[in-house]
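Me: I have a structure to go through with you. Can we start with the charged side chains and then move to the packing?

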Amino acid sequence: RGPRRHAGPPAGPPSNPQGGMLRAKSRQRQVLEQLASRHFLNDPSSDVRYEGVSDYGIPAPAESRGTNGGTDGKFASALGSSGTTLPLGLGADPVELGRLASFLEVPEDGPAPMPTPGELHRRRLREVQECDDIDAILETASDHLSLGRNELAMASYRRAMKVSFADVISVKRRLVEAKRRSAAAAGGGEADLTRRQERAFELSLLQVASRVADVHNNLGVLHELNGEYGRARASYADALEVYHNTCKRYEEAGDPDVDRTKANVERMENACASAGERRELHDRANRLAGDVARERSSGARRELLLRQREALRDALELDAHTDG
């Protein structure tokens, strides 16, 4: 083979990036740099002001250009050459400020104040409750759960349950109507069409019902994370019922979702059955910890520490055996 060709040096910036994504990102970067320079780099005790990079899309006004068409000394260091553009700037010029506000989409009365945590929570909750896109709701729920916002995750999964259950009802109605038309068809092409529609609705019902089961499983996971083992068991059991009765999916048939759901039901049953014993072991360990802190005798203290360690070991072993 011949020698491998190497790509040449990257091309320089486009001469007219107007309207392109590259330009939008460049402008935003310039604005952010100017904001940073104003708040962090300018020295109030000095007349020197950091100008930042230039915004090559804004023509310099005629009064700032030199006799040869370049910029005057004020902007030479910022531009690095005798170009014909000015830095974006954050001075008192209302035209310049208007250009900045327009680019950043700032309202005329200024940017809105930062919401309080309570307002932000209510806004997120309202966004979830107003959303009808099941995929978007589930993605939002997953985001909230990963960030530790369990309350918002719970609200998102409940909204997902409402939307997905409405989808099941809608598909069931259309399936009943398709079966009615199929039974009334005399034969021929019309009968074939109605039968194809019936099969399509049956497949659609399996899909939306599986989504309902998935949401039940997600609710079970969230209840389990919150230590609500009874509610977690109920959610897992609801998912298993949907798998069995609507989806016709069963355990020990090579279906990992159903097998995992069945195992979760059994695990939560064990967790509920041993909840009292585990709570007693943890309470005993806590009481022994208090006794250790109050004991002054080294021999008695050593004995209490051994008993506390034994209680903790038994509690952790039971936790691992029941709820993992």
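Me: What does Asp255 form a salt bridge with?
Reply: Asp255 pairs with Arg249, and their closest N and O atoms are 2.7 Å apart. A salt bridge here is a side-chain nitrogen of Lys or Arg within 4 Å of a carboxyl oxygen of Asp or Glu.

Me: What should I know about the model itself?
Reply: The model is predicted: local features need pLDDT of at least 70, side-chain atom pairs count only at pLDDT 80 or more, and totals for chains, interfaces and linings use all residues. Residues are numbered from 1 along each chain as its sequence is written, and side-chain values use heavy atoms, with hydrogens and water left out.

Me: Back to that pair. Are Asp255 and Arg249 buried or exposed?
Reply: Both Asp255 and Arg249 are buried (under 20% relative accessible area; exposed is over 50%, partly exposed in between, with a 1.4 Å probe and protein chains only).

Me: Which residues are linked with them in a network of salt bridges?
Reply: The network links Arg249 and Asp255 with Asp257 and Arg260.
Reply: Helices (H or I, at least four residues) and strands (E, at least two) are DSSP runs, numbered from the N terminus.

Me: How many salt bridges are there in the whole structure?
Reply: The search finds 12.

Me: What about Arg233 and Glu269, which parts of the chain does that pair link?
Reply: Their side chains meet in a salt bridge of 3.1 Å, N to O. Arg233 is in helix 8 (residues 229–245) and Glu269 in helix 9 (residues 256–273), so the pair links distant parts of the chain, 36 residues apart. Arg233 counts as partly exposed at 30% relative accessibility, and Glu269 does at 34%.

Me: Switching to the packing. Which residues have the most contacts inside the largest nonpolar core?
Reply: They are Leu138, Tyr157, Ala160, Leu205, Val215, Leu219 and Val242, in a core of 27 residues. A nonpolar core is a set of buried Ala, Val, Leu, Ile, Met, Phe, Trp, Tyr and Cys residues joined through side-chain atoms within 4.5 Å.

Me: Where does the largest share of it come from?
Reply: Helix 6 supplies nine residues, the largest share.
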